[in-house]
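Subject: Structure for your attention

Dear colleague,

Please find below the structure that I am handing over to you. My findings follow it, and I would be grateful if you read them with the structure open.

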Amino acid sequence: MANVIEERSTIDAMSAAPRRIPLEISEHFFRLTTESLRLHANETMQFQTLDSLLDRRIFCDAAAVDQQAETIREHLSTVPTGGDIQISVNIAEASADNLAALKRQLDEMLGRSLTLADTISVALFNYVVGQKAAGILQRLWSRDAATEAESSASGGNVVRLRATSIQNGAVAVR
């Protein structure tokens, strides 16, 4: 983590202008960024940049992280942030306050001060988990529709379960 160019205190007092933040990240964190970009590009059917993903989807709202503290700790342990790969992100004025709020929320949730890179990693992880869960739900709903059609054809001997939500890896059904 020593390789991460630190912005701990300055994120809370960012200026009004967009800010370019250089980071030295691990290969695992790099792969998380590219997977996030792939998912977002497929969702929008447009090429994306990390800056646009962070501004439009991650930091556009002061949304809470949908993961439990232990899940976040495991993520940060599995996907270290510091490394040899150099990238930079531009955080727009509108996103700076939300990024600072997210960092404070995570600091409080985890009981320690995260780096800016850690905060971005958790936000991207949360995005990927949400996108993957949405894909799983979509497949379940598609299968549910197919099962319903099959049930009608089989005389109604099939019990249908409907997936209603996925949170922290658990699927709720009715």
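The notes below go from the confidence of the model to the whole chain and then to individual residues.

Confidence. Please bear in mind that this is a predicted model. The average pLDDT of the chain is 79, and 70% of the residues score at least 70. Over residues 1-15 the pLDDT is below 50, although this stretch has 34 contacts in the model beyond near neighbours in sequence. Where pLDDT is low, the predicted coordinates should not be read in detail.

Overall architecture. The chain contains five helices and four strands. Read from the N terminus, the order of these elements is β-α-α-α-β-α-α-β-β. Of the 174 residues in the chain, 37% are buried. When contacts between residues at least 6 apart in sequence are considered, 74% of them join residues at least 24 apart. The chain has an accessible surface of about 9800 Å², and carbon and sulfur atoms account for 51% of that area.

Helix α3. This helix spans residues 69-78, and its residues Ala69, Ile72, His75 and Leu76 are buried. These four lie on the same side of α3, because the arc they cover around the axis is only 120°. Ser77 and Thr78 are exposed and sit on the face of α3 turned away from the buried side.

Salt bridges. The count of salt bridges comes to five. One of them joins the side chains of Glu27 and Arg31, with an N to O distance of 2.6 Å. Both residues belong to helix α1 and are four residues apart, about one turn of the helix. Glu27 counts as partly exposed, because its relative accessibility is 46%, whereas Arg31, at 51%, counts as exposed.

A second pair is Glu35 and Lys132, whose closest N and O atoms are 3.1 Å apart.

In helix α4 (residues 93-110), Lys103 and Asp107 are four residues apart, about one turn of the helix. They form a salt bridge in which the closest N and O atoms are 2.8 Å apart. Lys103 is buried at 4% relative accessibility, and Asp107 is buried at 17%. Elsewhere, salt bridges with shared partners join Glu35, Arg38 and Lys132 into one network.

Two further buried polar residues. Gln48 is located in the loop between α1 (27-44) and α2 (50-58). With a relative accessibility of 14%, Gln48 counts as buried. Its side chain makes polar contacts with the side chain of Thr44 at 2.9 Å and with that of Ser52, also at 2.9 Å. Apart from its neighbours within four places in sequence, Gln48 is in contact with Leu37, His40, Ala41 and Arg56.

Asp118 is found in helix α5 (residues 116-153). At 1% relative accessibility, Asp118 counts as buried. The side chain of Asp118 is joined to that of Thr81 by a polar contact of 2.9 Å. Asp118 and Val79 are 39 residues apart along the chain, and their C-alpha atoms are separated by 9.4 Å.

With kind regards

Key:
Residues are numbered from 1 along each chain as its sequence is written. This is a predicted model: local features need pLDDT of at least 70, side-chain atom pairs count only at pLDDT 80 or more; totals for chains, interfaces and linings use all residues. Side-chain values use heavy atoms; hydrogens and water are left out. pLDDT is the predictor's confidence in each residue, from 0 to 100. Contact means heavy atoms within 4.5 Å. Helices (H or I, at least four residues) and strands (E, at least two) are DSSP runs, numbered from the N terminus. Buried means under 20% relative accessible area, exposed over 50%, partly exposed in between (1.4 Å probe, protein chains only). A polar contact is a pair of N or O atoms within 3.5 Å; within protein, one must be able to donate a hydrogen and the other to accept it, and residues adjacent in sequence count only if both atoms are side-chain atoms. Accessible areas come from the Shrake-Rupley method with a 1.4 Å probe; for residues, only the protein chains shown count as cover. The arc is that of the directions from the helix axis to the C-beta atoms. A salt bridge is a side-chain nitrogen of Lys or Arg within 4 Å of a carboxyl oxygen of Asp or Glu.
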